[in-house]
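Biologist: Please take me through the terms used for this model and the grounds for each.

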Amino acid sequence: MAGRLLVLGSSGAWPGAGHACSGYVLEHAGSRVVLDLGYGTVVPLLAHLGSDAGGGVDAVVVSHAHADHMGDLHAYFRARWFGARGDPAVPVYAPPQVREQVLAADAVDGPDDGRIDRVFSWHTLPAPPYDVGPWRLESVELPHYVTNAGVRLVSDELVVAYTGDTGPSLALAELGRDADLFVVECTDYSQLAQPRKEQLHLNARTAAEAARDAGARRLLLTHFWPGVDRARTAREVAEVYDGEVLVAREGMVVGL
Ligand SMILES: [Zn+2]
């Protein structure tokens, strides 16, 4: 096994009963990268790290500034600030609005004195590729309500791609091209009694088309609207996409 992906949370928009929001830990070649830290993800993250101070994270990548993808980044900031002040800053790769949201969450403790920037070093997404440990971190803006960076992590051995939140886009086929694992949001509003417009999220069909068009080897469906029948979603996806279909759940470990 060259690496693994741990699912911290799989719920979209808000946490469901027993479900945290988006968050993943990607471990490979001695490196640990966190992808998103939505509501409810910092507790299983700290448990996984075995560190109240959140030690052992090499980088955090945040797709966009919606709280279901970054609400616990402020909790992680506090773990570092109170638990490991003075340690080297943790690199955070994210759209600029993410830093603004963490700053706003921390404003109750007084004006900006740079503490956010002592705990985290900020790197803008989307952007030209960065070197992050064994990975080349590529990014592309995908259609969503706010700036959302789809990310593609490429090492000598593995390709892992992650949409964050997105509507249907031709860019998804390139983002997930031949990926060993394509982590794709599947909010799947289409199951709701009163389906909402889905231009800026995916459903079973559009998620499956993205994975199929990318030629991804495996697909991890995630970011389900609370109440969605995930098994039904997976069945509908399998009608369009021939590769292995995985359904995210809290605590799941996907070997890579
Ligand atoms: Zn979003």
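Modeller: The donor residues of the zinc ion follow the sequence spacing H-x1-H-x77-H-x20-D. H66 sits in the loop between β4 (59-61) and α2 (67-70) and H144 in the loop between β8 (135-142) and β9 (148-154), so this pair ties together parts 78 residues apart in sequence. Helices (H or I, at least four residues) and strands (E, at least two) are DSSP runs, numbered from the N terminus. This is a predicted model, in which local features need pLDDT of at least 70 and side-chain atom pairs count only at pLDDT 80 or more, whereas totals for chains, interfaces and linings use all residues. Residues are numbered from 1 along each chain as its sequence is written, and side-chain values use heavy atoms, with hydrogens and water left out.

Biologist: Which atoms coordinate the zinc ion?

Modeller: H64 (NE2), H66 (ND1), H144 (NE2) and D165 (OD) do, at 2.2 to 2.3 Å. Donors are N, O and S atoms within 2.8 Å of the metal (3.2 Å for Na, K and Ca); water is not among the atoms, so sites may look incomplete.

Biologist: What makes the arrangement of the four donor atoms irregular?

Modeller: Their angles around the zinc ion run from 90 to 170°, which makes the arrangement irregular. Four donors count as tetrahedral if all angles lie between 85 and 135 degrees; four count as square planar and six as octahedral if opposite donors are over 155 degrees apart and all others between 65 and 115; anything else is irregular.

Biologist: Why is H144 called buried?

Modeller: Because its relative accessible area is 10%, and buried means under 20%, exposed over 50% and partly exposed in between (1.4 Å probe, protein chains only). H66, at 24% relative accessibility, therefore counts as partly exposed.
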